[in-house]
Amino acid sequence: MDPRYTLSQRTTRSVVAVLAAVLLASGVAWRGLAAVAPPAAVQAATVSTPITHAIAGGRDSYADIVDVVSPAVVTVHASGRARMSQTQFQFPDDDLFGQFFGFPGQQNQRGQRGPRQMPRTPKQNALGSGVVVTTDGYILTNNHVVDGADEVSVDFTDGRTLPAKIIGTDKPSDLALLKVSGSGFHAVAIGNSDAVKVGDVVLAIGNPLNVGQTVTMGIISAKGRSTSVGDGSFEDFLQTDAPINHGNSGGALVNTKAELVGINSQILSESGGNIGIGFAIPANMAKHVMEDLRTKGKVTRAQLGVTVQGVTADMASSLGLKQSGGAIISSITEGSAAERAGLKRGDVITSFNGQPVHDINGLHNRVADAGPGSTADVVVVRDGAEKHVPVKLEELSADRSARGRGDSDGRTSDKSALGVSVAPDAKGLVVEDVDPDSRAADAGIRAGDVIREVNRQPVKSIEDLRAAVRKSTDRPSLMLINRDGRDVFVTVRPANS
């Protein structure tokens, strides 16, 4: 036996023995670390928590929660003919799409070539989970589980398998609403996902890898996550380390009150299996989508009509703000609600309807949920002063056309103090080349960008650019550039930094 291994074993036994002795000496029964009494302050804070109820009867168990929730968690089977022009939302093994029958001329399993015939449209099959949310048979699942399906069926824990109708789908949030006919359906209570805190205990229930209904336990690891997988338009994920694997998509994430707080949707993994980073769509977002799909057949969202960026520390310094955070408006759509309300490019949105804006993802979702036609109170910082701007929100259009940057009307260029070669353009200065060791390169400026403003002043010539940069000697220069049809802000540090 390896002597190092033996030493390690002896050391471990010694530590455990000492710990046990200390616990016994203090009058604590040895029932594992879970039995160690917390400090008085912690005890007082945890006596009334749902966990106390979950461990009622003196046994460390969540069985009572599972008994309540599991009948409402179902397995969803989807099948249909492949739509070859459609890009599938790729979640390996969640959708078993792609396991097609052989085309003419391909070898079969015995190595024989089949007769030549016209190609058949391949059959697709998908497997996922779902959650019954009403007693009359409405079921929430992921859009990517049923996307492109012609037939959907649902397996219940009582042994029933029923056909399901797709009431509606919403790709931006990756949610879909199904309906089954019948009676005796057990629905899960929908909780308030806004009240969820990092560190809360949660259970994930679904059918991973088609092994049958499975329950896993973990905590909420983070909130407000965005992964930009698939459509990525509306994301506000709850992150959890409760093990989630392929097939769990559409299943339930519940708290210790047996309330639904999320719909399991994605995992982050290089191996394709669980590594403790899973994402669930918050129940509040799912509830909004469900009500719209059930009553209107589509989801309506509101918009301001602006493009925003997060405010970095350099941007805050350039704008004279006390701290970073919030969202700076980099462009405003002509004729939009924002333009009509008087919002301006360079305004920093710090609050929306009384809620602080910490990042652009949170703002994006709050605006969408506010509803078209509602009037929102938008607080902005403009030229160092705080201003309340009422904005009547408009409905978000499904098609968002990108704007081109226009053609350059001159090819003369010169190297500026920033380390870039530029040429005049109808909208500003086109960046033709960037010195890789320059301040511009450090700021992320690249060839093809159009520099429109420096420190809120338009630039039309190399002289304008140089003059604007020379004025920024003690703080970063805030530059508005147009990249691939979108206006964005970047900050360039002063030469002496």
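Across the whole structure, which is a predicted model, a search turns up 12 salt bridges. Side chains of opposite charge can pair when their charged atoms come close, and several such pairs are worth a look here.

One of the bridges joins Arg160 to Asp158, with 2.9 Å between the closest N and O atoms. Arg160 is partly exposed, because its relative accessibility is 26%. Another bridge brings together the side chains of Asp314 and Arg493, at 3.4 Å from N to O. This pair ties distant parts of the chain, since Asp314 sits in helix α7 (residues 313–319) and Arg493 in the segment after β28 (486–492), 179 residues apart. Asp314 counts as buried at 18% relative accessibility, whereas Arg493 is partly exposed at 46%.

The side chains of Arg340 and Glu394 also meet in a salt bridge, 3.3 Å from N to O. Here helix α8 (residues 337–341), which holds Arg340, is linked to strand β21 (residues 394–395), which holds Glu394, across 54 residues. Arg340 is exposed, with a relative accessible area of 56%.

Turning to helix α11 (residues 462–471), Ile462, Leu465, Ala468 and Val469 are buried. Viewed down the axis of α11, these buried residues lie within an arc of 130 degrees, so they line one face of the helix. Glu463, Arg470 and Lys471 are exposed on the other side of α11.

Finally, the whole structure contains 2 cavities of 30 Å³ or more.

Note on methods
Residues numbered from 1 in each chain as written. Predicted model: local features only at pLDDT ≥ 70, side-chain atom pairs only at ≥ 80, totals over all residues. Heavy atoms only, no water. 1 Å grid on protein atoms, 1.4 Å probe; cavity = no way out; pocket = protein on both sides within 12 Å on 5 of 7 lines; lining within 4 Å. Points joined across faces, edges and corners; volume = space filled by probe spheres on them. Buried < 20%, exposed > 50% of the residue type's maximum accessible area, 1.4 Å probe, protein only. Helix = DSSP H or I, 4+ residues; strand = E, 2+ residues; numbered from the N terminus. Arc of directions from axis to C-beta. Salt bridge = Lys/Arg side-chain N within 4 Å of Asp/Glu carboxyl O.
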